[in-house]
Amino acid sequence: MRFQAAVQNTYQGIVLINKPAGITSHDVVSMVRRIFKMKRVGHAGTLDPMATGLLVILVGNSTKLSDKFVAFDKTYRATLKLGLKTSSADIMGKTLLERPFDGIDRAAIEKVFKQFTGEIQQLPPMVSAVKYKGERLYKIARQGIEVERTPRLVRIDELKILDYRLPEVEFLMSCSKGTYVRQLAEDVGEVLGCGACISQIERTKVGPFDIKDSVTLENLNEGHILKWQF
């Protein structure tokens with residue numbers, strides 16, 4: 001990896017944070033600002049409150065490189081729950097319907113996974129940060145409104161089962177930017193005919209960065225700031 005420990009107190013570079021569940025990416029940015037007592041802090045790729053894992057934080061002049069970091073491919077470990085469709089495509093949302101998943105086995109899921117590997121058209125979920133007429137979709141969704149969205153071309157390089165314990169299936173997904181794990185789960189559920197939603201999401205990689213190199217907010221200090229050179 002092309003980074004090295006930054007000189008302490010320069011406060012320029014990136015920080016790899018292991019985000020806990022229950023807070024937003026903006027919350028993490030605010031916490032980092034307080035810890036380092038500075039304003040120029042941003043993030044490169046949103047994780048919603050339910051999601052955990054690797055969040056790349058940009059500090060100082062590195063905030064100018066946001067577009068480059070956002071463009072990196074991502075890897076996730078997630079769990080889909082069969083037989084349940086919700087308003088947000090995760091278990092935190094309102095239940096829309098429940099269906100039996102009898103007769104669905106590992107082979108059937110693997111077959112559907114193959115259909116979603118490669119370049120696919122994916123509809124952004126209503127709980128995403130995609131803008132509709134200048135407003136974030138998730139803000140519109142909070143009003144109980146669903147609007148028409150345009151499918152986007154995304155790429156899924158790897159999609160495989162890690163653990164199979166019905167009704168839950170843990171899987172790994174390596175993908176291009178702009179690919180939504182929750183939407184993938186919902187789409188897989190539709191093809192299987194039983195519905196599905198996400199019960200857990202963890203981002204493990206962002207480009208060359210790995211979660212094993214991250215730090216918790218509780219342990220964060222200026223020694224964790226890394227310099228990055230494109």
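This is a predicted model: local features need pLDDT of at least 70, side-chain atom pairs count only at pLDDT 80 or more; totals for chains, interfaces and linings use all residues.
Biologist: What makes Ala89 count as buried?

Modeller: Its relative accessible area is 3%. Buried means under 20% relative accessible area, exposed means over 50%, and partly exposed is in between (1.4 Å probe, protein chains only). With 3%, Ala89 is therefore buried.

Biologist: Where is Ala89 found?

Modeller: In the loop between strand 6 (84–86) and strand 7 (95–98). Helices (H or I, at least four residues) and strands (E, at least two) are DSSP runs, numbered from the N terminus. Ala89 also has a positive phi of about 65°, although it's not a glycine.

Biologist: And Lys37, is that one buried or exposed?

Modeller: Exposed, because its relative accessibility is 75%. Lys37 sits in the loop between helix 1 (25–36) and strand 3 (41–43). Its phi is positive too, about 55°, and again it is not a glycine.

Biologist: Which residues does the cis peptide bond join?

Modeller: Leu166 and Pro167, with omega at about 10°. Pro167 has its place in the loop between strand 11 (152–165) and strand 12 (168–175).

Biologist: On to the rings. Why is the pair of Phe69 and Phe209 called stacked?

Modeller: Rings of Phe, Tyr and Trp (its six-membered ring) pair if their centres lie within 6.5 Å; planes under 30 degrees apart count as stacked, over 60 as edge-to-face and the rest as tilted. Phe69 and Phe209 are 6.1 Å apart centre to centre with 15° between the planes, so they form a stacked pair. Phe69 lies in helix 2 (residues 66–70) and Phe209 in strand 14 (residues 209–210), so the pair ties together parts that are 140 residues apart in sequence.

Biologist: What makes Phe72 and Phe209 edge-to-face, then?

Modeller: Their planes are at 75° and their ring centres 6.2 Å apart, so the pair is edge-to-face. Phe72 is in the loop between helix 2 and strand 5 (74–82), which puts it 137 residues from Phe209. Phe69, Phe72 and Phe209 form one aromatic cluster. Both Phe69 and Phe209 are buried, and so is Phe72.

Biologist: Which way do strand 5 and strand 13 run, parallel or antiparallel?

Modeller: Antiparallel, joined by nine bridges. Two strands pair if DSSP finds at least two bridges between them. Tyr76 stands opposite Arg203 in strand 13. Strand 4 (residues 52–59) runs parallel to strand 13, with two bridges, and the bridge partner of Gly53 is Arg203.

Biologist: What do strand 13 and strand 14 form?

Modeller: A hairpin with two residues between the strands; Gly207 in the turn has a positive phi of about 55°. The two strands pair in the antiparallel sense over two bridges, and Lys205 stands opposite Asp210.

Biologist: How many residues are in the largest nonpolar core?

Modeller: There are 46, and those with the most contacts inside it are Val15, Ile57, Leu80, Phe171, Met173 and Ile198. Such a core is a set of buried Ala, Val, Leu, Ile, Met, Phe, Trp, Tyr and Cys residues joined through side-chain atoms within 4.5 Å. Helix 5 (residues 181–192) gives the most to this core, with five residues. A second, separate core of 13 residues includes Ala44, Leu54, Val56 and Leu58.

Biologist: Last one: what joins the side chains of Thr75 and Ser174?

Modeller: A polar contact of 3.1 Å. The term covers a pair of N or O atoms within 3.5 Å; within protein, one must be able to donate a hydrogen and the other to accept it, and residues adjacent in sequence count only if both atoms are side-chain atoms. The distance of 3.1 Å is therefore within the 3.5 Å limit. Thr75 is in strand 5 and counts as buried, at 11% relative accessibility.

Technical notes
Residues are numbered from 1 along each chain as its sequence is written. Side-chain values use heavy atoms; hydrogens and water are left out.
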